[in-house]
Amino acid sequence: MGKEPLQVLNALDVAKTQWYHFTAIIIAGMGFFTDAYDLFCISLVTKLLGRIYYHVDAAPKPGTLPPNVAAAVNGVAFCGTLSGQLFFGWLGDKMGRKRVYGMTLMMMVVCSIGSGLSFGHNSQSVMTTLCFFRFWLGFGIGGDYPLSATIMSEYSNKKTRGAFIAAVFAMQGFGILGGGIFSIIVSLAFKAKFDAPPYAVDPIASTVPQADYVWRIIVMAGAFPAALTYYWRTKMPETARYTALVAKNTTQAASDMSKVLHMDIEVEEQQPTQLTPNANAYGLFSKDFLRRHGTHLLGTTTTWFLLDIAFYSQNLFQKDIFSAIGWIPPAATMNAIEEVYRISRAQTLIALCSTVPGYWFTVAFIDKMGRFAIQLMGFFFMTVFMFALAIPYHHWTLKDQHIGFVILYSLTFFFANFGPNATTFVVPAEVFPARFRSTCHGISSASGKLGAMVGAFGFLYLAQNQDKSKTDAGYPPGIGVQNSLLLLGGLNLLGILFTFLVPEAKGKSLEEMSGENEDGTIQELVSRACTN
């Protein structure tokens, strides 16, 4: 048999962009909207949690979360996400994308609501409950990474596949923006109704009892966008590539895609007899797999790991930047709800100016420039801007230089999003065979989350001042912000090198990229469908 593509897969590859592509982007993208909302909204309310549950009488500054509690509240969702990426990635290849897709969303809905409900009133029980639900929320979010990417790549045509997968990921930007805007609305509404003096004037009265509702409403709201798309997810047919290449049912695949594409796809009746498995069907991590895709997997895991270290370390510098340019005044000069409003406003401005545009630049250019060029360019400019921030770091701390610092800082994250932050999500969904696609994407994204933990927590300690008297409360001395920035620049440089392991998938079909045309998978299916 020649290397003849299956008609149903060919029909998908050459299909014109039509309505079902956009519905798939919205259905898959709303999961990412919720993911980003849930993962990022916690940073808007951690200061408030400190004021409510860790107030110290007669202290000059408002209460803050102790370092171990802050790390747990922020980090437990990352641990859940990493576990979910590996587990649901594997399950998506075993049970099918569609069956697992609804489960992850249901977990996100239940755990978002659970995050805002706490058992007991003391700080320990509230934090324990919050951490418990945020772990399982992260677990559901983790499943969304490999499944959304795989479903979108398997539904797409080869001409615009990169843009479609990137568009799903770009919904993250809207999730961050949505979280900030919703938080602004809630805090303004409560501020108008329950006004309070600043902490410096009256420490007790500055945190009104109703402030406890503010953080709960913000974290629970993440359930709504997820719940809205649950029905549509259950109505999506299984992807044709899974049905044909993994479940080996070309008739069902043709029937499903005929409905979706509104065209007739003819497939001869399949033999009822089960054929012997294809001799070339190598297993995950077998010698054959490592020979064909080992370097690809090394490339996708290392680049995502290195990128996320830099991407998630940004939170370290945000608070210094916001305070320096006066977006967030000293905590003692505000009441609790005012502080939530100021932090949310700052995060929303950053999202609007640098985060959201970067994602959509990738969507616009990925199928013109290619994944490789965008990833290389992104890592290159991140390296340049990190070093530009680090080498003259003292210069940027001077009073008149803050705006320059903010511009360079914003450009760093613009090129993260118009660069490796988007491409590391797209590529693993394109280069592996259908039967491992979801698993390999899960492994790659879990490697990224490991990097996120290093970025968010390793650098939280590393970036502390070398002088013990100047460190944040409860932290040991570190290597300082300047050295941390130099280290991050070096890691981005490594990202450039590892990008050379990642193949270019622009304009090629998934079967060409994964080698399924060559390894006999397609030929076996064609012969099964034809021999009657």
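Q: How many aromatic pairs does the structure hold?
A: The structure holds 41 aromatic pairs, where rings of Phe, Tyr and Trp (its six-membered ring) pair if their centres lie within 6.5 Å. The model is predicted, so local features need pLDDT of at least 70 and side-chain atom pairs count only at pLDDT 80 or more, while totals for chains, interfaces and linings use all residues. Side-chain values use heavy atoms, without hydrogens and water, and residues are numbered from 1 along each chain as its sequence is written.

Q: Why is the pair of Phe32 and Phe169 called edge-to-face?
A: The planes of Phe32 and Phe169 are 70° apart, with 5.7 Å centre to centre. Planes under 30 degrees apart count as stacked, over 60 as edge-to-face and the rest as tilted, so Phe32 and Phe169 are edge-to-face.

Q: What makes this pair a tie between parts that are 137 residues apart in sequence?
A: Phe32 lies in helix α2 and Phe169 in helix α6.

Q: Why are α2 and α6 called oblique to each other?
A: The axes of α2 (residues 19–53) and α6 (residues 161–193) cross at roughly 40° and come within 6 Å. Angles under 35 degrees count as roughly parallel, over 145 as roughly antiparallel, 65 to 115 as roughly perpendicular and the rest as oblique; α2 and α6 are therefore oblique.

Key. Axes are lines fitted to C-alpha atoms, for helices over the stretch in contact, and angles run from 0 to 180 degrees between N-to-C directions. Helices (H or I, at least four residues) and strands (E, at least two) are DSSP runs, numbered from the N terminus.
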